[in-house]
Amino acid sequence: MNAAAYAFQTPPIKTPNNSISIFRYYTNNPFKLNNNKRPQLSFDESAYEAERLRLDAKAREAMAIEAAAEKEDDDPKAWKWVIRKRIWDLMEARNIAQFPRPVHHRIPNFVGASAAADKLSRLEVFTKADCVKVNPDTPQKQVRFFTLNGGKKLLTPQPRLRTGFFSVLESDTLNPSTMNEACTSVEVAKYGRPIGLDEKIKVDLIVIGSVAVDPKTGARLGKGEGFAELEYGMLHYMGAIDDSTPVVTSVHDEQLVDDIPVEKLLVHDVPVDIICTPTKVIFTNTSIPKPQGIYWDKLSPEKLSRIKILRQLKAKIEQETGQKLPTGPSEKLPPTAQRRRQKR
């Protein structure tokens with residue numbers, strides 16, 4: 001996010017290297033933020049939204065759809081795209097997709113998302129949780145509302161981790177009129193408190209979006225950008241989660257599949273423990289191992305170049321250990337979603 005999105009009034013403070021504004025130091029150095037010196041920021045929503053749209057357009061221009069990637073001999077992950085495309089096409093064809101549409105290349109919103117969220121909110125792992133991490137996608141908006149309305153702490157990542165890391169929202173800082181607003185990605189940035197990787201926080205439940213999920217194994221496919229896996233890995237690095245932290249997804253019944261080959265999943269793929277649909281709750285009893293952190297040897301230079309906080313974390317670990325971390329093979333990143341205007 002550029003600095004135009006904020007109007008801030010704070011004198012320069014002395015940092016370890018030089019004297020710069022606390023706002024710049026905060027945004028560029030998430031590991032060193034002193035919460036006792038947090039500046040008072042006034043949020044410019046229009047500037048934030050303009051910047052978000054600019055970054056979306058830039059991402060779409062940078063990532064062209066490559067049909068050749070769907071050939072098994074060209075791309076070892078091609079089978080994932082075959083399943084994703086089948087589900088996206090089916091949801092559009094049967095008109096179970098909801099705005100934003102088309103649902104291709106996104107976590108698809110679906111008819112009955114609120115009913116699935118309602119079932120999720122009645123789970124024991126949800127009712128007992130104090131802090132819930134929820135993805136920022138549209139079909140999980142109601143889950144974010146139930147989290148805040150239930151007096152819980154909501155942890156939500158910035159979209160594509162482009163403008164930051166995570167934001168924390170607490171219900172006692174919101175009123176009934178702003179709570180619903182705070183569930184959208186733009187308003188999360190407005191009402192949430194940004195945190196860095198040095199934040200001491202315990203996450204009791206992870207809610208994750210999916211394109212397809214296997215109810216028998218808990219194997220899951222996202223939209224193909226790998227951000228859920230990166231978020232999981234970073235939370236594991238922070239000590240905020242462990243293998244016992246439940247992972248739940250909410251999907252349409254038509255997103256349930258039986259052809260995700262477990263043996264072809266990668267070490268960083270995140271399985272789910274519970275699936276909530278508009279009609280049922282499924283406990284997968286998954287035996288798929290959960291990721292143990294960030295697998296740097298799987299992280300491409302292209303992905304690393306787009307996520308600032310990952311570059312900062314990599315530099316921090318290398319400085320602390322005195323060893324250079326590996327880098328994964330180069331990749332052509334998948335296309336981002338195209339959005340049509342919502343009908344009024």
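**Salt bridges and aromatic contacts in a predicted model**

Being four residues apart in helix H11 (residues 308–321), Glu 320 and Lys 316 are separated by about one helical turn, where helices (H or I, at least four residues) and strands (E, at least two) are DSSP runs numbered from the N terminus. This is a predicted model, in which local features need pLDDT of at least 70 and side-chain atom pairs count only at pLDDT 80 or more, while totals for chains, interfaces and linings use all residues. Residues are numbered from 1 along each chain as its sequence is written, and side-chain values use heavy atoms, with hydrogens and water left out.

Glu 320 and Lys 316 form a salt bridge whose closest N and O atoms are 3.0 Å apart, a salt bridge being a side-chain nitrogen of Lys or Arg within 4 Å of a carboxyl oxygen of Asp or Glu. Glu 320 is exposed at a relative accessible area of 55%, whereas Lys 316, at 23%, is partly exposed; buried means under 20% relative accessible area, exposed over 50%, and partly exposed in between (1.4 Å probe, protein chains only).

A search of the whole structure finds 17 salt bridges, and among them is the one between Asp 253 and Lys 280, at 3.9 Å from N to O. This pair links distant parts of the chain, 27 residues apart, with Asp 253 in the loop between strand E12 (247–250) and strand E13 (274–276) and Lys 280 in the loop between E13 and strand E14 (281–283). Lys 280 is partly exposed, with 37% relative accessibility.

Another salt bridge joins Asp 273 to Lys 290, with the closest N and O atoms 2.8 Å apart. Here too distant parts of the chain are linked, since Asp 273 lies in the loop between E12 and E13 and Lys 290 in the loop between E14 and helix H10 (301–306), 17 residues apart. Lys 290 counts as buried, at 10% relative accessibility.

Turning to the aromatic residues, the structure holds three aromatic pairs, for which rings of Phe, Tyr and Trp (its six-membered ring) must have centres within 6.5 Å, with planes under 30 degrees apart counted as stacked, over 60 as edge-to-face and the rest as tilted. The rings of Phe 145 and Phe 146, with centres 6.2 Å apart and planes at 55 degrees, therefore form a tilted pair. The rings of Phe 165 and Phe 166 have centres 4.4 Å apart and planes at 80 degrees, so this pair is edge-to-face. Phe 165 is buried at 3% relative accessible area, and Phe 166 is buried at 1%.
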